[in-house]
Amino acid sequence: MANRPELLAPPEIFYDETEARKYTSSSRIVDIQAKLSERALELLALPEDGVPRFLLDIGCGSGLSGETISEYGHHWLGLDISASMLNVAVEREVEGDLLLGDMGQGLGLRPGVIDGAISISAVQWLCNADKTSHEPRLRLKAFFGSLYRCLSRGARAVFQVYPENIKQRELILRQALQAGFGGGLVVDYPHSTKKRKEFLVLTCGSVQTSIQTGKNECDEGCSEDDFSEDEESGMVSMSDRNRPRKRQKPNKKGKTREWILRKKEQSRRKGNDVPADSKYTGRKRKSCF
Amino acid sequence: MRLITHNMLSCNIKGVTNGFPLRIEAGNVIEKEVDFNPDFIRHMFAKLEWKALVEGARSMGYAELPEDSPDAAVLESDESFLKKLHHALLELHLEEGALVCPKTGRKFPVNKGIPNMLLHEDEV
């Protein structure tokens, strides 16, 4: 992606009719959205009692994520600011109700009515000031405040976000905390730039359940930051995950077995398919190779 | 837009303290069948504002719901009541019309089943 969409235009203008159709007909995007929605639903940790729940899909767009929710048997309400995207959703005959609205203006839902909320690739749009009257902080405040109110006790909100930088991520987290949420960041595949996905998992009410760890290729403990529910010390500790990489050039005699094994391990961490290591790895071959 | 959503929506305009419920001006209402799940209906019942639901249903042309909110016993045993509630909540769609704020009279138009809840600059 050459440029982040948020830098090009506000969402209701960027997602016009052409873009909306392009977005929804790209099989790659459909696939990614489905996977992200499934993961978000997983992280919602809804009780497994077979009772369908009523969920909120924030920034539902053309209903790609909503369709995943329906597949899992839940009912949902979707909110989006782009009329073109919503029209595509209507054409696709999604099962949820759709609202044309701006999340930065507050959700306008009654207290305690929503069993869970998900948002796929939408919340970062709130951080941009698209009109002179916009102040991102106020919009984030209106959004998180109204979201906190409408969620029922023990319900969660899971946002998959693409923050532009650390500052943006911190801004979002801080506003969520101030609204009263607790929770943490779950990062899947933190070491791969391509596969890395961030999910902000917010909880409300004093139900203490553990936040799941992120996915990782090798079973290392994954990056996960819990921030305290304590309102006084609303500290968010965030650090950028940059593991120091050991750099060692292959020695002059050619690529040593050690180097090969290290490179294969790196590739495995990124999630690639790498043949298993064996006694043949890095073995000296006949000169004709 | 179905009544399940209408029952949760309130007017968000600055200064309006109780913008619920929004009055329904029904232009075009259609019915779409949805699978009946009694567990879901029972689960939602606790969250509903009954009077608003009955009013809303009547505006959409469905008057079969009882005026008073039934008690738990009815919910457990009476399947025909649950089916009526299911029909009202999930099967009636407001395609064209408007939602009206009870305090300010501001109309939120509904087109193709989608209510336009965008607030103007001065309403935020």
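This is a predicted model: local features need pLDDT of at least 70, side-chain atom pairs count only at pLDDT 80 or more; totals for chains, interfaces and linings use all residues.
1. Extent of the contact. Chain A contributes 32 residues to the contact and chain B contributes 30 residues. Together the two chains bury about 2500 Å², with 57% of that area on carbon and sulfur atoms. On the chain B side, the residues that lose the most area to chain A are B:Met8, B:Lys47 and B:Ile114, which together make up 24% of what that side buries.

2. Three salt bridges are counted between chain B and chain A. In one of them, B:Lys47 pairs with A:Asp115, and the closest N and O atoms are 2.4 Å apart.

3. Where the chain B side comes from. Helix 1 (3–6), helix 2 (38–45) and strand 4 (114–115) of chain B each supply at least two residues to the side that touches chain A. Helix 2 of chain B gives the largest share, four residues. By type, that side of chain B holds 16 nonpolar, eight polar and six charged residues.

4. B:Ser10. This residue sits in the loop between helix 1 and strand 1 (23–31) of chain B. B:Ser10 counts as buried because its relative accessibility is 17%, and the cut-off for buried is under 20%. Leaving aside residues up to four places away in sequence, B:Ser10 touches B:Gly19 and B:Phe20 in chain B and A:Gly108 in chain A. B:Phe20 is ten residues from B:Ser10 in sequence, with a C-alpha to C-alpha distance of 4.6 Å.

5. Chain A overall. Chain A has nine helices and eight strands. Of its 289 residues, 51% are buried. Among contacts in chain A with a separation of 6 or more, 66% join residues 24 or more positions apart. The accessible surface of chain A is about 15500 Å², and carbon and sulfur atoms account for 48% of it.

6. Helix 6 of chain A. In this helix (residues 83–91), the buried residues are A:Ser84, A:Met85, A:Leu86, A:Val88 and A:Ala89. Within chain A they pack against helix 3 (17–25), strand 2 (75–80) and strand 3 (97–100), and they also pack against strand 4 of chain B. Just after helix 6, A:Glu93 has a positive phi of about 55°.

7. Salt bridges within helices. Over all chains, the count is 21 salt bridges. A:Lys35 and A:Asp31 form one of 3.0 Å, N to O. Both lie in helix 4 (residues 27–44) of chain A, four residues apart. A:Lys35 is exposed at 54% relative accessible area, whereas A:Asp31 is partly exposed at 41%. In chain B, B:Lys83 pairs with B:Glu79 at 3.2 Å between the closest N and O atoms. These two are also four residues apart, in helix 5 (residues 79–91), so about one helical turn separates them. B:Lys83 is partly exposed at 42%, and B:Glu79 is partly exposed at 44%. A separate case is a network in chain A, where salt bridges with shared partners join A:Lys264, A:Glu265, A:Arg268 and A:Asp277.

8. B:Glu67 and B:Arg58. Their side chains meet in a salt bridge of 2.4 Å, N to O. B:Glu67 is partly exposed at 43% relative accessibility, and B:Arg58 is partly exposed at 39%.

Note on methods:
Residues are numbered from 1 along each chain as its sequence is written. Chains are lettered from A and ligands numbered from 1 in the order in which they are written. Side-chain values use heavy atoms; hydrogens and water are left out. Contact means heavy atoms within 4.5 Å. Buried area is the accessible area (1.4 Å probe) that two parts lose on being put together, summed over both. A salt bridge is a side-chain nitrogen of Lys or Arg within 4 Å of a carboxyl oxygen of Asp or Glu. Ala, Val, Leu, Ile, Met, Phe, Trp, Tyr, Cys and Pro count as nonpolar, Asp, Glu, Lys and Arg as charged, and the others, Gly among them, as polar. Buried means under 20% relative accessible area, exposed over 50%, partly exposed in between (1.4 Å probe, protein chains only). Accessible areas come from the Shrake-Rupley method with a 1.4 Å probe; for residues, only the protein chains shown count as cover.
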